[in-house]
Amino acid sequence: QVEKSTFLVNSILCLAIQHPGIHILVVFPRQEQAHVFSKSRLLATIEDSPLIARHLLGRSRRKPSVMQLRFNNKSEVYIRAAYLSGDPVRGIDADVLLVDEF
């Protein structure tokens with residue numbers, strides 16, 4: 001264990017905050033891994049930090065969609081699973097690609 005998920009979370013949040021309007025695509029092998037990462041790591045980190053939550057979610061405490069997060073500063077994070085083919089990520093316009101378990 002080398003804290004890859006922590007690195008991914010921190011990279012995503014840093015990019016989303018520093019570059020308003022950025023589109024980030026994060027790809028995992030399995031749907032379950034993608035869902036768990038989004039809900040228990042990424043969203044949990046946002047909710048645990050009042051500063052990050054205020055910056056990305058604003059005053060509203062609505063929770064963004066787990067697999068496609070759109071923030072107040074127009075940054076978006078697409079979280080997808082693509083094990084046997086790249087079809088699930090086709091057509092997504094992204095500025096940054098992050099891949100887990102490559």
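**View 1. Ser5 is a partly exposed residue of helix H1.** At 23% relative accessibility, Ser5 counts as partly exposed. That class lies between buried, under 20% relative accessible area, and exposed, over 50% (1.4 Å probe, protein chains only). Ser5 is found in helix H1. Helices here are DSSP runs of H or I with at least four residues, strands are runs of E with at least two, and both are numbered from the N terminus. Ser5 touches Phe37 and Arg41, leaving out residues up to four places away in sequence. Contact means heavy atoms within 4.5 Å. Ser5 and Arg70 are 65 residues apart along the chain, and their C-alpha atoms are separated by 20 Å.

This is a predicted model, in which local features need pLDDT of at least 70 and side-chain atom pairs count only at pLDDT 80 or more, while totals for chains, interfaces and linings use all residues. Residues are numbered from 1 along each chain as its sequence is written, and side-chain values use heavy atoms, with hydrogens and water left out.

**View 2. Helix H3 has buried residues on one face.** Helix H3 covers residues 50–57, and Ile52, Ala53, Leu56 and Leu57 are buried in it. Seen down the axis of H3, these buried residues fall within an arc of 100°, so they line one face of the helix. The arc is that of the directions from the helix axis to the C-beta atoms. Pro50 and Leu51 are exposed on the other side of H3. Cover for the buried residues includes helix H1 (4–18) and helix H2 (31–48). Just after H3, Gly58 takes a positive phi of about 75°.

**View 3. Ile52 sits in helix H3.** Which residues is Ile52 in contact with, leaving aside its neighbours within four places in sequence? They are Leu13, Ile17, Ile46 and Leu57. Gln31 is 21 residues apart from Ile52 along the chain, and their C-alpha atoms are separated by 26 Å.

**View 4. Glu76 is a buried residue in strand E3.** Strand E3 spans residues 76–81. Glu76 has 7% relative accessibility and so counts as buried. Its contacts are Ile22, His23, Ile24, Gln68, Leu69 and Arg70, not counting residues up to four places away in sequence.

**View 5. Lys74 has a positive phi.** Lys74 lies in the loop between strand E2 (68–70) and E3. Its phi is near 75°, a positive value in a residue other than glycine. Most residues other than glycine have a negative phi.

**View 6. The whole chain, for orientation.** The chain has three helices and four strands. Along the sequence they follow the pattern α-β-α-α-β-β-β. The C-alpha trace spans about 40 × 30 × 20 Å along its principal axes. With 102 residues, a compact globule would have a radius of gyration near 13 Å, and the chain agrees at 13 Å. That radius is taken over C-alpha atoms, and the globule rule is 2.2 Å times the number of residues to the power 0.38. Of the 102 residues, 39% count as buried. Among contacts between residues at least 6 apart in sequence, 67% join residues at least 24 apart.
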